[in-house]
Structure formats: structure tokens, C-alpha cells
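Visitor: I would like to know how the labels given to a model follow from their cut-offs. Please take me through some of them.

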Amino acid sequence: MIPMNRILVILYLLGMSLVSYGQQDAMFTRYTFVSNMLYNPASTGRTDGILTSLAYRTQWAKIAGAPSTIALAAESSLNDGRAGLGLNIFRDKIGFDMHTGVHANYAYRIPISSKYVLSLGIKGGASIISSDFADVITPNPGQIDPIYSENIQVVVPKAGFGLFLNNDKSYVGFSVPAVISSIPDGRFTYEDDAAFLSHHYYFTTGHVFDIPNTDLQLKPSVFVKYHPAAPLQVDLNAQMWYKDIFSFGLGYRTGDAISGMFDVALTKDIVFSYAYDYTFSDFRVIADGAHEFVLLYTWRKKEVRVPSIHKFSTLSRF
């Protein structure tokens with residue numbers, strides 16, 4: 001007899017594999033470090049120079065077929081900061097399903113006052129979604145369901161937009177990563193199409209509080225994710241920075257996990273970030289939490305034009 005905990009894992013992973021078809025972007029706890037433009041193209045190229053990031057996230061490491069994500073990003077400001085150009089590549093894998101996304105972003109910034117800048121962004125690219133059924137284990141290996149007798153792969157073109165309003169201490173953003181998407185060759189039924197073509201809605205906001213008479217800064221942020229077929233999910237984060245050399249913080253994701261975060265500037269050009277998610281759902285009994293690693297590198301052709309209040313100018317305020 002199959003142990004009950006294994007049955008629960010199998011059912012959960014199968015359910016997650018179905019949901020993953022409707023997922024537009026990979027999930028990260030350190031979304032501001034992985035790349036804000038992954039979720040909002042209007043955030044592209046807000047820093048001087050070329051900013052690159054490499055991120056890796058693994059979840060429920062003790063379970064075979066558990067989710068893992070790797071993401072690469074590069075972005076640069078253009079026209080003296082009036083525009084930005086960027087590229088996001090990620091691979092999200094869970095069980096026998098894999099989602100690979102490749103998207104290019106463009107942002108244009110409009111000063112609307114002496115303090116505030118409004119950024120308009122667009123993104124375009126494709127999602128490559130595949131299922132490798134060679135790894136599926138069934139109770140009767142000799143009996144193969146025709147539906148799962150061959151691997152499946154489909155390329156879904158996508159285009160989306162975003163808005164980003166900020167000053168030197170606050171920001172607010174809204175985006176829909178896939179306003180336009182389509183499935184070629186009509187291989188899927190309407191129910192499958194609905195999952196692929198569904199829209200995600202993202203809202204972000206945050207503020208930097210300078211604590212008087214100290215070298216500390218408190219940086220709370222909120223990330224809201226909405227999908228019509230899933231419960232509203234909210235990430236609440238708060239970090240304490242010291243001279244922008246290092247930081248530590250806590251996060252809370254509704255219905256999912258509590259997070260601990262740590263960031264450190266290794267040099268003026270390199271930043272390392274780590275986060276651990278402690279899952280508080282019932283699944284915690286048979287699974288571990290999530291580990292997330294991010295490495296940032298910024299390359300500049302020249303020194304920053306405006307003197308930074310930070311010791312290392314690599315670290316942006318948000």
C-alpha cells in the first residue's frame with residue numbers, strides 16, 4: 001500500500017502542474033532583487049549602467065519533482081535615463097512540467113513634476129510550456145494512457161504592459177504581463193486555452209523611511225498578485241538597511257509562508273541576497289521550505305552622476 005503522505009504529495013504536485021499552465025511569471029520572495037521588470041516592464045532600466053541578476057529558487061527540496069526556478073535578467077537605461085531596455089529569461093520546473101519564459105521590456109519615463117516620474121512599459125516575448133511524461137510513474141507501467149504516450153510542447157506568444165510612478169523615496173506600480181497571448185495550431189481545448197490565456201494582475205508599492213540620527217533605513221513593501229481563478233495573494237515585506245551595506249528583514253505571504261531575508265553588498269558592483277520561506281500550510285508536515293539565492297552585478301561606463309547617500313551605489317532604494 002502506498003503511504004498516505006506520498007499520496008498527498010502526488011496529488012498536490014499533479015494539481016500544481018495543472019495550475020502552472022496558467023502561471024505567467026515565476027514566483028520569487030526577493031522579487032525586487034531578482035528583477036522588478038520581471039513583473040512590471042515599466043520598472044526597466046531605472047538604475048545607471050547595466051544591471052544583471054542571476055536567481056535560483058528551490059522549494060520542498062526533500063520531495064522528488066519539487067518546484068525549482070532559475071532566472072536571468074539584464075537591463076540598461078537609455079537616453080540619459082529617459083528610457084530603459086531589458087531582457088528576462090526564466091525556467092520554472094515542477095514535476096514533469098516545465099515553463100520557460102523569454103521576454104524583452106521597454107520603458108519610457110515622463111517627469112510629471114519636480115519630484116515624480118511616471119514610467120510606461122511594454123513587454124513582449126513567449127512562454128515555452130512542455131511536459132515530459134517519461135518521468136511519470138504509474139501503478140501499472142505496462143498500461144500507458146494514450147494521452148500521456150508522448151511529450152507535449154507549445155509556444156505561447158505574449159505581450160503586456162505596466163505603469164510605474166516614483167520619486168526618490170516612494171513607488172507604486174501596476175502591470176498586466178500578458179494582455180495579449182495566443183496559442184498556435186489549435187492543439188488544445190477551450191478549457192486548456194483559458195488557462196494559457198488567462199491574465200495576471202500585479203500591484204506593488206513601497207517607501208523608504210530614513211530613521212533620524214542613525215544610518216538605518218526601513219523599507220516596507222507590498223506585492224499584490226491577483227488571478228481570477230485563484231485567491232488574492234499578498235506579499236508583505238519589511239527590511240532594515242544599514243548604510244546600504246547590508247540588510248535583514250521579514251516577509252509574509254498570505255496562505256503560504258513566512259520569510260526571512262538577508263542582503264549584503266560584497267563590493268560596490270556585486271550584491272548577494274538570500275531568502276528562506278517557512279511554509280505554514282498543512283503541506284509543511286511532509287515538505288521543507290524554500291531557499292532563494294540572488295546575485296546582482298552592475299556595470300557602469302562612468303561614475304554615478306548624482307552623489308549617492310549610500311556607501312555602495314549598486315544598491316537602489318527600491
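Guide: The turns below set computed values against definitions.

Guide: This is a predicted model, in which local features need pLDDT of at least 70 and side-chain atom pairs count only at pLDDT 80 or more, while totals for chains, interfaces and linings use all residues. Residues are numbered from 1 along each chain as its sequence is written, and side-chain values use heavy atoms, with hydrogens and water left out.

Visitor: What is the average pLDDT of the chain?

Guide: The average is 79, and 72% of the residues score at least 70; pLDDT is the predictor's confidence in each residue, from 0 to 100. Over residues 186–194 the value is below 50, and that stretch has 8 contacts in the model beyond near neighbours in sequence. Residues 304–311 are also below 50, with 14 such contacts. Where pLDDT is low, the predicted coordinates should not be read in detail.

Visitor: How many helices and strands does the chain have?

Guide: There are 3 helices and 15 strands. Helices (H or I, at least four residues) and strands (E, at least two) are DSSP runs, numbered from the N terminus.

Visitor: Why is Phe272 called partly exposed?

Guide: Its relative accessible area is 28%. Buried means under 20%, exposed over 50%, and partly exposed in between (1.4 Å probe, protein chains only), so 28% puts Phe272 in the middle class. The residue is found in strand β14 (residues 270–279).

Visitor: What does Phe272 touch beyond four places in sequence?

Guide: Contact means heavy atoms within 4.5 Å. Phe272 touches Phe262, Asp263, Val264, Leu266, Phe293, Val294 and Leu295.

Visitor: What makes Tyr39 and Phe223 an edge-to-face pair?

Guide: Rings of Phe, Tyr and Trp (its six-membered ring) pair if their centres lie within 6.5 Å; planes under 30 degrees apart count as stacked, over 60 as edge-to-face and the rest as tilted. The search of the whole structure finds 10 aromatic pairs. For Tyr39 and Phe223 the centres are 5.1 Å apart and the planes 65 degrees apart, hence edge-to-face. Tyr39 lies in the loop between α2 and β1 and Phe223 in strand β10 (residues 216–227), so the pair ties together parts that are 184 residues apart in sequence. Tyr39 has a relative accessible area of 5%, so it is buried; Phe223, with 1%, is buried.

Visitor: Why is the pair of Phe164 and Tyr171 called stacked?

Guide: Their planes are 10 degrees apart and their centres 5.6 Å apart, and the stacked class takes planes under 30 degrees. Phe164 and Tyr171 are both buried.

Visitor: Which residues have the most contacts inside the largest nonpolar core?

Guide: They are Phe28, Phe33, Tyr39 and Leu296, in a core of 17 residues. α2 (31–35), β1 (50–59) and β15 (290–299) each supply at least two of its residues. A nonpolar core is a set of buried Ala, Val, Leu, Ile, Met, Phe, Trp, Tyr and Cys residues joined through side-chain atoms within 4.5 Å. Leaving aside neighbours within four places, the contacts of Leu296 include Phe33, Leu51 and Ile270.

Visitor: How do you know that β1 and β2 pair?

Guide: Two strands pair if DSSP finds at least two bridges between them. β1 and strand β2 (residues 68–78) are joined by 9 bridges and run antiparallel, with Leu51 opposite Glu75. β2 and strand β3 (residues 83–94) have 11 bridges, also antiparallel. These two strands form a hairpin with 4 residues between them, and Asn79 in the turn has a positive phi of about 50 degrees.
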